[in-house]
Structure formats: C-alpha cells, structure tokens
Amino acid sequence: MKKIGVCEWCLPVWGPDSIYFAADARFEGVQLTDLGGAQKGFPMTNPLIREKYMEAAQKTGVVLHSMHLHSLPREGGMIYPLDSPKGEATKLALRNGIDSCEAMGIGILNISVFLKSAIKNDYDFDNFIASIRYAVSYAGDHGVLVVYEPSVTLDQTLKILELVPEIKINHDLLNRSRRGPEIEIPALVKVIDHVHVKDAHRDDLGFISGPCLAGNGTGKVEMSIHLLNELGYDNWYLSESDYIKPQAYGLGTTNITEICRTDLAKIRHLVENA
C-alpha cells in the first residue's frame with residue numbers, strides 16, 4: 001500500500017485549499033498542520049474549517065492522512081512538567097489536536113520535539129515521556145494513533161519506544177541521514193508508521209543550503225528507500241520538500257505545481273524501483 005502524499009506546510013497555500021492544490025499536483029494524501037495552534041486560537045477546532053477540509057477531501061479523493069502539531073515544538077511544548085503553565089498548554093494542544101483528528105476521521109496525530117522543545121537533558125526527557133504518555137492515553141480513548149518524529153539519538157528513540165510502546169515512528173529521511181540509514185532503518189522499520197521524504201544540498205560546513213528533487217541531494221534518499229523496500233516497509237511516503245522555494249530546485253521554472261509533479265515522479269520511481 002505504498003502511497004505518496006505531501007505535508008501541508010510545504011505548499012504555497014494552507015487550509016482547505018491545500019487539498020485542492022495537492023490534488024492538482026497529483027499527491028494522494030496530505031499531512032495537515034494545526035494552522036497555527038494556540039497562537040491562532042486553535043483553528044482546527046472550528047467546525048466550519050473541519051467541514052471544508054473534509055469536503056475538499058471528498059471532492060478530490062485526496063486522503064486526510066494525519067495531522068501534525070506543527071506549532072507545538074515552536075512554542076516549547078512537551079518538555080515541561082504537565083502541571084506547569086507550559087505543561088497545561090501542551091495538554092490543551094494535544095487534546096485539541098486529537099479531538100480534531102477524531103472529528104475529521106483522521107487516524108494519526110504526528111508529534112515532533114525539537115526547536116524550543118528539544119530534549120537537552122534527563123529532565124526534558126522525563127517530562128517528554130510524561131507528555132507523550134498523556135497524549136497516548138487521551139488518543140486511545142478517541143481512536144487516534146500517536147506518531148512521534150524523533151530528533152534524538154537512536155538509543156534514546158529505542159528507550160522512548162520501550163517506555164511508551166503504544167506509539168509509532170515518523171522516519172524523516174533527510175533529518176536522520178547523517179545518523180546512518182543502514183543502522184537506524186533496520187532498527188526501527190517495524191515501528192515506522194510513515195516516512196517524510198525530502199532531499200537537499202549541503203554546503204562545505206554541512207548546513208542545508210537548499211531543497212532539491214528527491215535523490216539528487218546529500219540526504220541518502222535512494223539508499224534509505226532501498227533499505228525500506230528491502231525490509232518490507234509498505235506504507236505512506238509524505239513529501240516534506242520545501243516547495244515554497246521553487247528557484248532552489250534548478251528546474252528553470254517557478255511553477256510550484258510543476259515542481260511538485262516532478263518531485264512526485266522522482267519519489268514514485270524510487271519507491272517502485274530502489
């Protein structure tokens with residue numbers, strides 16, 4: 001059941017119109033954002049917005065694959081005690097995300113922990129475990145799977161999976177590429193729910209200098225997809241390529257739909273042939 005979708009925040013339009021844009025670009029599904037979360041008054045809790053997304057999905061056939069709490073790591077959630085002000089704000093964001101998933105027929109809530117919520121020490125780690133256990137408990141009562149996108153070491157990721165076995169993993173090919181796909185993918189493949197696909201060039205210092213078509217950069221995308229195929233992974237690939245920087249792809253066009261279609265064709269070729 002290998003299908004290819006796109007992350008909403010990579011498109012030039014957010015909101016229900018992103019579904020129509022994704023359909024025109026020929027993606028099969030979309031991982032939604034939380035449209036700004038708390039700072040925007042939790043737009044995804046608005047019944048009208050939910051209805052418009054579902055209407056767009058029904059009209060286009062594009063799957064509402066999952067919802068990513070895009071704003072949460074930018075607000076510093078998940079690494080503070082649950083009974084602290086930031087902990088209470090995190091719990092509210094988690095509940096609202098899960099409630100929105102349930103209302104919209106979305107089965108997956110995706111959580112990442114980096115930027116302001118990066119795990120830096122044992123204190124952060126312990127608070128994160130408490131937060132994700134809270135998410136899992138609430139999600140379990142609402143038919144939603146919690147998926148975690150690791151930004152910690154493989155050993156820490158395996159520890160998280162041991163402590164919270166109910167979760168699955170979102171494996172980001174580019175973000176994890178420098179940690180060794182040949183080591184991480186075999187260790188995690190059985191718990192990978194979905195994969196983020198993006199590729200990029202790096203400068204002489206190792207910093208990402210711009211997006212590129214899948215397989216054309218330094219992200220070991222082809223190697224990673226080959227490993228996933230070899231090990232029997234058979235689920236969604238979601239493009240997280242930075243399509244809002246069209247000039248960076250070097251295709252001689254700034255037409256983002258055209259760039260999406262070209263990248264989608266590259267991803268599909270790798271998924272079917274790597």
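At what angle do helix α4 and helix α5 pack, and how far apart are their axes? In this predicted model, helix α4 spans residues 85–104 and helix α5 spans residues 122–140. The two pack at an angle of about 30°, and their axes lie 10 Å apart. Because angles under 35 degrees count as roughly parallel, α4 is described as roughly parallel to α5. The crossing of the two helices, α4 and α5, is right-handed.

From α4, the contact draws on Thr90, Lys91, Leu94, Arg95, Ile98 and Asp99. Their partners in α5 are Ser131, Tyr134, Ala135, Tyr138 and Ala139. Sorted by class, the contact of α4 with α5 contains 6 nonpolar, 2 polar and 3 charged residues.

Attention now turns to empty space. Rolling a probe the size of a water molecule over the atoms shows where such space is left. The largest pocket of the model has a volume of about 740 Å³. Its lining is made up of 29 residues, and those closest to the centre of the pocket are Phe114, Asp172, Asn175, Lys198 and Glu240.

Which elements each supply at least two residues of this lining? They are α7 (173–176), β8 (199–202) and β9 (208–212). Strand β9 gives the most to the lining of the largest pocket, with 4 residues. By class, the lining residues of this pocket divide into 10 nonpolar, 8 polar and 11 charged.

Technical notes
Residues numbered from 1 in each chain as written. Predicted model: local features only at pLDDT ≥ 70, side-chain atom pairs only at ≥ 80, totals over all residues. Heavy atoms only, no water. Axes fitted to C-alpha atoms, helices over the stretch in contact; angles between N-to-C directions. Parallel < 35°, antiparallel > 145°, perpendicular 65-115°, else oblique. Left-handed = near helix turned anticlockwise from the far one by under 90°. Contact = heavy atoms within 4.5 Å. Nonpolar A, V, L, I, M, F, W, Y, C, P; charged D, E, K, R; others polar. 1 Å grid on protein atoms, 1.4 Å probe; cavity = no way out; pocket = protein on both sides within 12 Å on 5 of 7 lines; lining within 4 Å. Points joined across faces, edges and corners; volume = space filled by probe spheres on them.
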